[in-house]
Amino acid sequence: MEYRTKEEQVADYLRERIISGVYQRGSRLKQAEIAEQLNLSITPVREALKLLEAEGYVSGDSYRGARVVPFDASASGEILSLRLMLEAQLVRGAAERATSEDLAELRTLADEFAKAFETGNRAIARGVNYRFHRRMYDIAAMPQTLHFVQILWARYPFDLINAAEGRGADAAKEHDEILDALASGDASAAVLSMRKHIESGWTVLKETQ
């Protein structure tokens with residue numbers, strides 16, 4: 001995946017780790033540690049954190065530094081509706097534009113996700129899940145829609161959903177259904193499969209509360 005700047009690369013790295021739960025809600029993100037992990041200077045890390053603050057993933061000030069924003073359960077219902085609407089547009093765009101190479105890359109990610117859950121490595125599975133959806137939506141070539149979706153993702157409790165018992169196997173099957181629709185070029189079926197995927201995750205969340 002190509003990015004124009006180092007800041008965007010760092011932002012995507014941090015976004016994945018926040019959504020997957022590697023960086024837990026409320027935890028502090030230290031610029032120096034992140035820069036050392038990525039073998040970068042402080043500057044792109046600082047700029048990436050500014051991007052994530054604008055999207056709602058982190059909050060911060062000059063004294064305490066950046067922290068991962070806590071999950072707000074009261075907002076999830078509204079966010080669900082917005083996700084269903086915007087991600088339907090993205091998956092439809094992906095169905096219309098996906099090449100055989102794109103589909104092969106998505107299949108590899110889907111297989112990595114399923115394998116990670118089968119072996120009990122949930123942290124890796126959550127990270128791969130983010131990359132699967134992000135890569136699929138990149139294919140749609142609708143950057144403004146994707147930008148708003150990423151803002152919604154910042155407020156959605158993926159870490160809680162993906163930690164639920166049995167969610168991994170169900171999500172893997174749902175990924176397969178989405179990929180089958182994309183491979184056949186059936187945009188309507190792809191949208192329906194994505195809606196099922198999002199709504200089943202929502203059902204799991206409600207059952208855990």
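Biologist: Which helix gives the largest share of the lining of the largest cavity?

Modeller: In this predicted model, that is helix 10, with 4 residues of the lining. Helix 10 covers 187-208, and the other elements that give two or more residues are helix 4, helix 6, helix 8 (158-162) and helix 9 (167-184).

Biologist: What makes this space a cavity?

Modeller: A cavity is a set of points where a 1.4 Å probe fits but cannot get out. A search of the whole structure for cavities of 30 Å³ or more finds 1, and the volume of the largest cavity is about 200 Å³. Of its 17 lining residues, Arg83, Asn129, His133, Phe158 and His197 are the closest to its centre.

Biologist: How does the lining divide into nonpolar, polar and charged residues?

Modeller: There are 9 nonpolar, 5 polar and 3 charged residues in the lining of the largest cavity.

Biologist: Let's turn to the helix pairs. Why are helix 5 and helix 6 called roughly antiparallel?

Modeller: The axes of helix 5 (residues 100-118) and helix 6 cross at roughly 160°. Angles over 145 degrees count as roughly antiparallel, and therefore helix 5 and helix 6 are roughly antiparallel to each other. Their axes come within 8 Å, and the crossing is left-handed.

Biologist: Which residues meet where helix 5 packs on helix 6?

Modeller: From helix 5, they include Leu106, Leu109, Phe113 and Phe117. From helix 6, Val128, Asn129, Phe132 and Met136 are among them. By class, this contact has 12 nonpolar, 1 polar and 6 charged residues. Asn129 in helix 6 takes part in this contact, and Asn129 is also one of the residues closest to the centre of the largest cavity.

Biologist: What makes helix 4 roughly perpendicular to helix 6?

Modeller: The axes of helix 4 (residues 76-97) and helix 6 (residues 122-139) cross at roughly 65°. The range for roughly perpendicular is 65 to 115 degrees, so helix 4 is roughly perpendicular to helix 6. The two axes come within 7 Å.

Biologist: Is the crossing of helix 4 and helix 6 left-handed or right-handed?

Modeller: The crossing of helix 4 and helix 6 is left-handed.

Biologist: And which residues of helix 4 and helix 6 meet?

Modeller: Helix 4 brings Glu87, Leu90, Val91, Ala94 and Arg97, while helix 6 brings Met136, Tyr137 and Ile139. These residues divide into 6 nonpolar, no polar and 2 charged. Met136 and Ile139 in helix 6 also meet helix 5.

Terms used:
Residues are numbered from 1 along each chain as its sequence is written. This is a predicted model: local features need pLDDT of at least 70, side-chain atom pairs count only at pLDDT 80 or more; totals for chains, interfaces and linings use all residues. Side-chain values use heavy atoms; hydrogens and water are left out. Axes are lines fitted to C-alpha atoms, for helices over the stretch in contact, and angles run from 0 to 180 degrees between N-to-C directions. Angles under 35 degrees count as roughly parallel, over 145 as roughly antiparallel, 65 to 115 as roughly perpendicular and the rest as oblique. A crossing is left-handed if the near helix is turned anticlockwise from the far one by less than a right angle, and right-handed if clockwise. Contact means heavy atoms within 4.5 Å. Ala, Val, Leu, Ile, Met, Phe, Trp, Tyr, Cys and Pro count as nonpolar, Asp, Glu, Lys and Arg as charged, and the others, Gly among them, as polar. On a 1 Å grid over the protein atoms alone, a cavity is a set of points where a 1.4 Å probe fits but cannot get out, and a pocket is an open set with protein on both sides within 12 Å along at least five of seven lines; lining residues have an atom within 4 Å of a point. Grid points are joined across faces, edges and corners, and a volume is the space filled by probe spheres set on the points.
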